[in-house]
Structures are given as structure tokens and as C-alpha cells.
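Hello,

Here is the structure I said I would pass on. Please open it next to this message; my notes follow below.

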Amino acid sequence: MPLSLKVPAVAAAFLIVVSVFISQQVLARLETIQSEHLRTLATVHLDGLTSALSDAVLREDVWEAFAILDRSRQGMKGVKALETVVANTEGRVIAASDPKALSTGATIPTDYRRVIDNPERFLMDEASARAFARRDIVYNGQVIGTVLAKLDIAALLADRMRVLTALVATNAVLTLIAVVVAWLTVRRMMRPVDVLTGHLEDSASPTHEPIADAEIKRAGSEFRRLFRAYNAMVAGLDERDQLERKIAEEERLASLGRLASSMAHEINNPLGGIFNALDTLKHHGDRPEVQLKSLSLIERGLKGIRDVVRSTLMTWQVNRESRPLEIQDFEDLRILAGPDSRHRDLELDWDVQLDGTADIPASEVRQIVLNLLLNACRASETGGRVTLRVRLSETGLVVEVIDEGPGMPDYAVRTLVDFAAAPSPFASGHGLGLWTTRRLVDELGGNVGVDTSADGTRVTVFLPQTTSKERRDAA
């Protein structure tokens, strides 16, 4: 329920509770006043009868008692006496206002028994719209009889009902007026909130509209401060949007630079192997086995460059139709890493356990392993050892590259292990090798673990096997 309805509902409920309480108090007071008034009238009436009837009751003169009762009908004002009975101490009727209904000597009717037994000598029965009064006839200090009266109180009850109806109608009108006034008041109080809510809902749009000065002037002092604070926030958002657009433009230009740098880095590695093969052909090209091996290396290097170009044209998506991995790819990597290892006089420990082929893109695996090998060679001391271990399990390919260097820097570990928190290689000035390696591992659905210390570093890469169809579906 909105606040504009909730507050009027609470006000209505409060007024209803108050009106019920007031009506109850008024009706209770009216009932008390009516009862006291009726009791006084009945007492005065019966006091007069007892004084007049004392001699007739002593003589048990029925006719005189009846005459007195007949004359008393004219003396009671404001209340209608339906029946008056004069009885002796034995409970027998001496005379009654209606002798046909109640003859002399008859027993007092049962409906009078309650008032006879009532010490207050007065009783009202609202269900039957009747009241009963009793008065003892005393002569020389002794009770010689009783006068009983049955009174009609229908008029009193009708007056009470009219008062109740007037109270209910008045309270209903007042409650309705209060609800309407509360609703209008709350609606007026909620108008600034509605204005602010509408502007906040529109804040998700590209343009942010400030609150007009006219709305600010109409609002109260508290809402004026709130509206001005909102307008200041809108101005800050507009400034932020302009800054974001400027940053986006700069990022677009930087992305072009990153793309060019990444392509240059990925193409440079196979080009090094190709130039190495060409140099081998120049010096030992007359040997058929050297020609075949060198041409095969050149062909695979050119295919690797082609795969990099294709992946770049597909917006950094892995080439889903690349050929599967085979053991010859690792032999090529031994040749490609050869110049760096010989330059530092390093021993390459090669342990590749791969029979046949693995359903993993060869071009991406070659880039990953070559980057790790080149980094391991550059991190190792002269005369050290770099170890490559490869094994194929039922779930995927496990590659370990181990060096004996001083340990991997923190930024490099973060690049491989926590790629999201890693510093940008372009902003920090670090190389692209490890950054590209982690990106390729993520695209192949693998993971990387690093164990580094002052005695060396072990990098473990796991790449799951996926069929060509699964790679196409993932794309």
C-alpha cells in the first residue's frame, strides 16, 4: 500500500476507534441518566401511592384501593405505567389497575418476582422494553403491603437509538472528511517525493535531467536541500559520462596498439624459427634430411602465423578448426627454443610423453609452451637447466616448465594465476608473453599453477581435451 493511502487509512482507523470509544461513553452516560430519571419518577409515583393506600390496605378495602390506583394514572408524567399492583404481605393481590387481567386474591405474577427479590427495588429489562419498581407500604414502622409497578420504557430506548444513530452518522461524516483531508494533505506532502522518484527512475537513461527550479521553489526547506543535492549528483554524473567517453576513445586507440603489439609478439616467435631454418638451409642445404626437416619447420611456422592472423580477425577467438596436437610440435619447440638455450649455455631436459595426437589446438599449445620456455630460459642463470615435462591423461594435457632461476616476480605470478587482478602489460611496461599465455589457456578452458622460490620456478598448465564439435558448440 502506498504511503498516500496508508496514512489516510491509519487516520480513519484512529478516528473510528476514538468515535467508538466516545459513542460508548455517551451511550453509557445516557443510559445512566435515563435510568436515574426513570427511577426518580417511579419513586415519586410509588411514594405517593403508598401514602394514599396505607388505610385501604389496613382495611383490605379493595374498592378504595382500586379507586386510588385509577386516580393515580393521571398523576405520572413522562413515563407510561402499564400496570400497578397492590399486594399484601402474603403475596396476594389486593387490587390491580387492570382487575380483569389480575383479580383480587391472585398470586403476584412471576415477572414481578425479580424486582421483589432485588434489593434496589428497581429493575430495567431492555429486551422487553419494560421496567419494574417496588415500594413497601409501611404503617407505624411495620410493612403491611407492597406496591408493584410495570413501566413502559420503549420511548426511552427509542431516544437512545436515535442518539446512537446520530452519533454513528456524525462520526462517519467526520471520519470521511478526515480521510479526504489526510489523503489530500499526504498527496501534497508526497509530491516532492514523486518528483524525486521520477527523476531517479530516469537516471538510468543516457541523459540525466535535473530538477527544475520551479519544483525546487515549491518544495519545503528539507526537500529543497534534497533537490539541490540531486542536481549536484546529476552534474557529477554528466561530468563522469563525459570522462568515460573520453577514456573509451583513448581505450579504443590503446586497443589498436595492443592488437598490433600482440600480433607482432605472436608472429615474431615462429618467424625466429623460420629464420633459423633458413640459416640451416644456407649452410647445410645439400643434405636431403636437413632440407626436409627445415622445410617442415618453415611450413609449421607459417601455419602458426596464419592461425594467429585468423584468430585476430575473429576478435581474439581461438581458431576452432586448427589441427590437433602431435609430438612433432614439441620437437619444433625444441628447435625454436634452441638459440636462447645455447646463448645462455642451458641444458634442455625434454620429457614429452605423447603417443599419437591430442585433440587440443596445436597452434595455441605451441604458443603457450614456447612463451613459457623462452621466459624460463631468460630467467635461468648461465649453465643452468630448463625442464619440459608433458604427459597426456584421460582428462587432458599436463605441461610443466621448470627453471633454476631466482624466482618469478609477483606481477608475473599474478598474470598467470589471477588474470583478472594482473596489471596490464601495456600500462606496466612488462612483456606480452605471460599475458598472452594466460589468455590462450583461458580460451582453451585450462588453468595455470605457479610454484616459485629463490631456487627456481615450476609452472604447471592443464589443458582439457575437447572434440572439434565441442569447440564449435562453445564458440
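The second largest cavity has a volume of about 130 Å³. Its lining consists of 13 residues, and those closest to the cavity centre are P270, G304, S363, R366 and Q367. Please keep in mind that this is a predicted model. Four helices each give at least two residues to the lining of this cavity: α6 (221–284), α7 (288–313), α8 (327–343) and α9 (362–379). In total, the count is two cavities of 30 Å³ or more.

The other thing to look at is strand β5, residues 142–152. This strand is mostly covered, with eight of its 11 residues buried. Two strands pair with β5, as follows.

- Strand β4 (residues 130–139) runs antiparallel to β5, and 10 bridges join the two. Y139 has Q142 of β5 as its bridge partner. β4 and β5 make a hairpin with two residues between them. In that turn, N140 has a positive phi of about 55 degrees.
- Strand β1 (residues 80–88) is also antiparallel to β5, and is joined to it by eight bridges. Here K80 is bridged to D152 of β5.

Regards

Notes
Residues numbered from 1 in each chain as written. Predicted model: local features only at pLDDT ≥ 70, side-chain atom pairs only at ≥ 80, totals over all residues. Heavy atoms only, no water. Buried < 20%, exposed > 50% of the residue type's maximum accessible area, 1.4 Å probe, protein only. Pairing = 2+ DSSP bridges. 1 Å grid on protein atoms, 1.4 Å probe; cavity = no way out; pocket = protein on both sides within 12 Å on 5 of 7 lines; lining within 4 Å. Points joined across faces, edges and corners; volume = space filled by probe spheres on them.
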